[in-house]
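Reader: I have a model open and would like to learn how to read it. Please take me through it one feature at a time.

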Protein chains: 2
Amino acid sequence: MQKSQQMPGLLLEDESLRDGLQIESQLLSTEQKIELFNMLCRAGVSRIQVGSFVNPKVVPQMADTDELIRRLGQQSGTVISALILNGKGLDRALACGVGHVSMSVSISDSHSRKNAGRSAAEALAAMVELIVAAKARGLSVRAGLQSAFGCVYQGEISEDAVLAAAEQMAEAGATEINLADSTGMATPATIRSLVRRVAALLPEVRLSLHLHDTRGLGLANMYCGYEEGVRTFDVCAGGLGGCPFIRGAAGNIPTEDAVNLFESMGIATGISLDRLLEAVTFLETVLHRQLPGKMKRVMDHRQACTG
Amino acid sequence: MQKSQQMPGLLLEDESLRDGLQIESQLLSTEQKIELFNMLCRAGVSRIQVGSFVNPKVVPQMADTDELIRRLGQQSGTVISALILNGKGLDRALACGVGHVSMSVSISDSHSRKNAGRSAAEALAAMVELIVAAKARGLSVRAGLQSAFGCVYQGEISEDAVLAAAEQMAEAGATEINLADSTGMATPATIRSLVRRVAALLPEVRLSLHLHDTRGLGLANMYCGYEEGVRTFDVCAGGLGGCPFIRGAAGNIPTEDAVNLFESMGIATGISLDRLLEAVTFLETVLHRQLPGKMKRVMDHRQACTG
């Protein structure tokens, strides 16, 4: 805890409870989710996305989000975040007392039509309205753009389109813009280029990156984003997750590997690697498989040799 | 082949036949090794480390290196490299007509004593003599330093020590200095720092990096090395390999993921990803398991969805 009080600008938002668990066939109980949340808190994670207010018939893994958030109650030192996609989600978020919501649309028209059943322009217009509504109810809003660095359906995505959408989202009241590399198509070069342009256009807005390790470039992209000034990154304990709607989209950045990336260079994350690995162990035990994160294997090996 | 004739400064040396196969319990036949070599050549790999001249009782996987090199004969457009550790290895290399040899010692005293049974200073002195002897016989020599970015036994490694050793190796006649991150302890920051200092000290020498993905930083380190001017990297098809002597050392950089890193940013590698994946498929078939490289999974998935 002492460490997290020296907290720097760097913020790693753990999304294992939402982006991680939403595609697992095995459903975790609310008790198990609370246990995982508490482990992440104890490790020093300062923002945790715990679930989404979506149709429980479509995403049963997230059906208990309302109950989970009520039971977590107010947390000191940890921001609870939840994903909402529409007005109904906003109502549910307000009803259980969330103070911070995340929203997301795809900037790719093909992806948006496949995933959300409407054009990217329609989805963006609806999100802008939702941002305004959430702000009016006193919520802090982060708004995201999926496929911001390329789309498996559509190929290249125009930076100008991303900039125009980000500007609309910021004008509507989003205080954080999240650029998502939903299918792991970003490269160090495209990260640098787009981050520079968005930061120049919207200097007052917090810019965050949601990266996937599909092609092994997750940490390279994260580091290049950091070099360009990004200080907020989405991560998932164990490297859980992916996207159920996009073929080839696999693995979020493992929280523990991101912690190692930064801490090994003397950049404080506020997160204890040892405590975080307890959460990874918990997930691997509950899900009955090894997760892709590397630091768990490194530390297991070290213990086996010295223990 | 056309692509490789436009070859840029970038050189990816595939070491799957040596650093990859040397720790596999399953021994490949010489015929299988030739088949893999030919696949790598057809993909456009322009330097291939095919084996090592070491004690066949200690490393039976490499016992057929002499025969393999004789059977490969002269290759146009592909440099054949082999690892030698002593005068006996040099004699064997000369006897089968290798023109390019690789040598390597550890800069870490603890690692050197465990791995090579002598101090780092003794090992370096012996390598300097070996470089002189190989140069006198007309060979092209690359000399490497293991654990250049840190050691699991010893911890931090002094940059000054690396610089002093590199200078001795270059003065003895090595035209390429290879810095090896044997246990994946390098970070983007230490890569930048050490590469800058070695390049400033030895501007005439080709500097190459041998990276491991133990902590998931392999491609991030490779890209930062590239940004600092390094144009030669060791890779292994499929991400095969590791180090049998160092606990926690796992996985070389998959050749196919390195090709994707560079080609996706418009940096020519001279290597065809599709053809390279034939070599990965071959290795996965022969070794009866999935290898850690990501691009094989991405392309398999794409084929499954469009095929």
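**Strands, barrel and contact side**

Author: Start with one pair of residues: Gln49(A) stands opposite Ser81(A) in E3(A). Strands (E, at least two residues) and helices (H or I, at least four) are DSSP runs, numbered from the N terminus. This is a predicted model, in which local features need pLDDT of at least 70, side-chain atom pairs count only at pLDDT 80 or more, and totals for chains, interfaces and linings use all residues. Residues are numbered from 1 along each chain as its sequence is written, while chains are lettered from A and ligands numbered from 1 in the order in which they are written.

Reader: How many bridges join strand E2 to strand E3 of chain A?

Author: Two strands pair if DSSP finds at least two bridges between them. Here six bridges join E2 (residues 47–53) to E3 (residues 79–84) of chain A, and the two run parallel.

Reader: What do the eight strands form?

Author: In chain A, E1-E2-E3-E4-E5-E6-E7-E8 make a closed barrel with parallel pairing. From one strand to the next, the twist averages 30°.

Reader: Which strands does helix H4 of chain A touch?

Author: Two residues are in contact if their C-beta atoms, placed from the backbone, lie within 7 Å. Axes are lines fitted to C-alpha atoms, for helices over the stretch in contact, and angles run from 0 to 180 degrees between N-to-C directions. Helix H4 (residues 65–72) of chain A packs on the sheet and touches E2 and E3, its direction making about 145° with that of E2(A). Helix H8 (residues 159–172) of chain A lies across E5 (140–146) and E6 (176–180), at about 165° to E5(A).

Reader: How many residues of chain B are in contact with chain A?

Author: There are 23 residues of chain B in contact with 23 residues of chain A. Helices H9 (188–201), H10 (218–227), H11 (255–263) and H13 (295–306) of chain B each give two or more residues to that side. The largest share, five residues, comes from H13(B).

Reader: What rotation superposes chain B on chain A?

Author: Copies are superposed by least squares on the C-alpha atoms of residues with pLDDT of at least 70 in both. A rotation of 180° with 0.0 Å of shift along its axis superposes chain B on chain A (RMSD 0.0 Å). The two copies are therefore related as by a two-fold rotation axis. In chain B, the C-alpha nearest that axis belongs to Ala220(B), 1.9 Å from it.
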